[in-house]
Amino acid sequence: MRHPIYFGLILVAFATAIEKGTSFALFGPAILTFAFYTKARREERFLRVELGEGAYDAYARKTAMLVPFKGRPPN
């Protein structure tokens with residue numbers, strides 16, 4: 001996963017909202033997810049410039065962005 005810290009924070013936010021037990025509590029984690037997704041996309045644009053588009057794209061093709069195991073090539 002390319003952004004494991006973001007995933008962990010999102011997971012904790014959703015777990016806290018579920019523990020709270022109200023539908024309104026899910027509003028915060030939804031906003032947090034959108035914010036981290038936007039921030040991760042911005043970071044990846046920067047890395048494509050710094051590391052070279054071909055190298056970073058090859059890494060991104062074989063590594064999931066925020067959701068574990070999503071986008072992994074079959075073995």
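Reader: How many salt bridges does a search of the whole structure find?

Author: The model is predicted, so local features need pLDDT of at least 70 and side-chain atom pairs count only at pLDDT 80 or more, while totals for chains, interfaces and linings use all residues. Residues are numbered from 1 along each chain as its sequence is written, and side-chain values use heavy atoms, with hydrogens and water left out. A salt bridge is a side-chain nitrogen of Lys or Arg within 4 Å of a carboxyl oxygen of Asp or Glu. Searching the whole structure on this basis gives a count of three.

Reader: Which parts does the salt bridge of glutamate 44 and arginine 2 tie together, and how many residues apart are they in sequence?

Author: The two side chains meet at 2.6 Å, N to O. Both glutamate 44 and arginine 2 are buried, where buried means under 20% relative accessible area, exposed over 50% and partly exposed in between (1.4 Å probe, protein chains only). Helices are DSSP runs of H or I with at least four residues, and strands are runs of E with at least two, numbered from the N terminus. Because glutamate 44 lies in helix 2 and arginine 2 in the segment before helix 1, the pair ties together parts whose separation in sequence is 42 residues.

Reader: By about how much of the helix are glutamate 43 and lysine 39 separated?

Author: Glutamate 43 forms a salt bridge with lysine 39, with 2.7 Å between the closest N and O atoms. Glutamate 43 is partly exposed at 27% relative accessibility, and lysine 39 is partly exposed at 35%. Since these residues are four apart in helix 2, their separation is about one helical turn.

Reader: Which residue forms a salt bridge with arginine 48?

Author: Arginine 48 is partly exposed, its relative accessible area being 26%. The closest N and O atoms of its salt bridge are 2.5 Å apart, and the partner is aspartate 57.

Reader: How many residues apart in sequence are the parts tied together by tyrosine 6 and phenylalanine 36?

Author: Rings of Phe, Tyr and Trp (its six-membered ring) pair if their centres lie within 6.5 Å; planes under 30 degrees apart count as stacked, over 60 as edge-to-face and the rest as tilted. The whole structure holds three aromatic pairs, among them the stacked pair of tyrosine 6 and phenylalanine 36, at 4.7 Å centre to centre and 10° between the planes. Tyrosine 6 is buried at 12% relative accessible area, and phenylalanine 36 is buried at 14%. As tyrosine 6 lies in helix 1 and phenylalanine 36 in helix 2 (residues 27-51), the parts tied together have a sequence separation of 30 residues.

Reader: Are phenylalanine 24 and phenylalanine 27 buried or exposed?

Author: These two residues form a stacked aromatic pair, with 6.3 Å centre to centre and 15° between the planes. In terms of accessibility, both phenylalanine 24 and phenylalanine 27 are exposed.

Reader: What radius of gyration does the protein have?

Author: The elements run α-α-α from the N terminus, and the C-alpha trace spans about 45 × 30 × 15 Å along its principal axes. The radius of gyration is taken over C-alpha atoms, and the globule rule is 2.2 Å times the number of residues to the power 0.38. A compact globule of 75 residues would have a value near 11 Å, but the protein has 15 Å.
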